[in-house]
Each structure stands twice: as structure tokens, then as C-alpha cells.
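Please look over the sequence and the 3D structure shown here before reading the report.

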Amino acid sequence: MPCEKCADLCVRYPIRQPNDLLKAIKIAKQNVEDGTIIELPDLESINQNSFATVASGEAWGDIVEYNFCCSNCSERFSLHAETYHGSGGYWEPKNKSSVRENL
Ligand SMILES: [Zn+2]
């Protein structure tokens, strides 16, 4: 179960267009900055750009995939999208049963 701190992030947020991805990145960035979530380094990541690069407003790669965990309860979150073909993706908790609601 997610804790109170990250409960607001336990939503399945669909990313269908660049604007959705921008919003998801912005929300993740704010939560990283205020310490709610921590970016999990992924050495096998297929990302072309680090989250810090993307969050600072530079272009993202064709595949966006970042993982985060709650600093309080270790709930894990995934921000993933395929931007090249525009098939989109999701911001979502890794654990599907933690999803509070579908947006
Ligand atoms: Zn939590």
C-alpha cells in the first residue's frame, strides 16, 4: 500500500501527446525536488537522455523510461512513453493494485 506522501501519485496517467508527457515530467520533477520521490538509476536503461536533462526542458529521446520510488514507503513508479511513433505511455505505480483511480 502506498503511504500518504505518495498517494497522490498513485494514479494511472495516460500519455497520448507531447503535452501529456511534458505534464508528467513536470509533476515528477516537482516531486523529486521536494523529496517525495527519488529517481532510481537504471544502468540498463534504453534512455538517450537522463531525467535531469529531460526535466530541465531539453528534448527527450524516442523512448522515455524513468523509474522512481517513494522516499517514505518505497512504492515504485514508472514514467514511460514511446515518443517516436507517438504511441504514448503512462505515468503509473509499478504495483497495479496501488492505483487509486484512472485519470
Ligand atoms: Zn509512499
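The report covers a metal site and then a group of aromatic rings.

This is a predicted model, in which local features need pLDDT of at least 70, side-chain atom pairs count only at pLDDT 80 or more, and totals for chains, interfaces and linings use all residues. Residues are numbered from 1 along each chain as its sequence is written, and side-chain values use heavy atoms, with hydrogens and water left out.

The zinc ion is held by the SG atoms of Cys3, Cys6, Cys70 and Cys73, at 2.2 to 2.3 Å. Donors are N, O and S atoms within 2.8 Å of the metal (3.2 Å for Na, K and Ca). Angles of 107 to 114 degrees among the 4 donor atoms make the site tetrahedral, a term for four donors with all angles between 85 and 135 degrees. The donor spacing in sequence is C-x2-C-x63-C-x2-C.

Cys6 is buried at 0% relative accessibility, while Cys73 is partly exposed at 27%. Buried means under 20% relative accessible area, exposed over 50%, and partly exposed in between (1.4 Å probe, protein chains only).

The structure has 4 aromatic pairs. Rings of Phe, Tyr and Trp (its six-membered ring) pair if their centres lie within 6.5 Å, and planes over 60 degrees apart count as edge-to-face. Two of the pairs are tabulated.

| Pair | Centre distance | Plane angle | Type |
|---|---|---|---|
| Phe51 and Tyr66 | 5.2 Å | 65 degrees | edge-to-face |
| Phe51 and Phe68 | 5.1 Å | 80 degrees | edge-to-face |

Phe51 is buried, with a relative accessible area of 4%, and Phe68 is buried at 0%. Ring pairs join Phe51, Tyr66, Phe68, Phe77 and Trp91 into a cluster.

How values were computed. Four donors count as tetrahedral if all angles lie between 85 and 135 degrees; four count as square planar and six as octahedral if opposite donors are over 155 degrees apart and all others between 65 and 115; anything else is irregular. Rings of Phe, Tyr and Trp (its six-membered ring) pair if their centres lie within 6.5 Å; planes under 30 degrees apart count as stacked, over 60 as edge-to-face and the rest as tilted.
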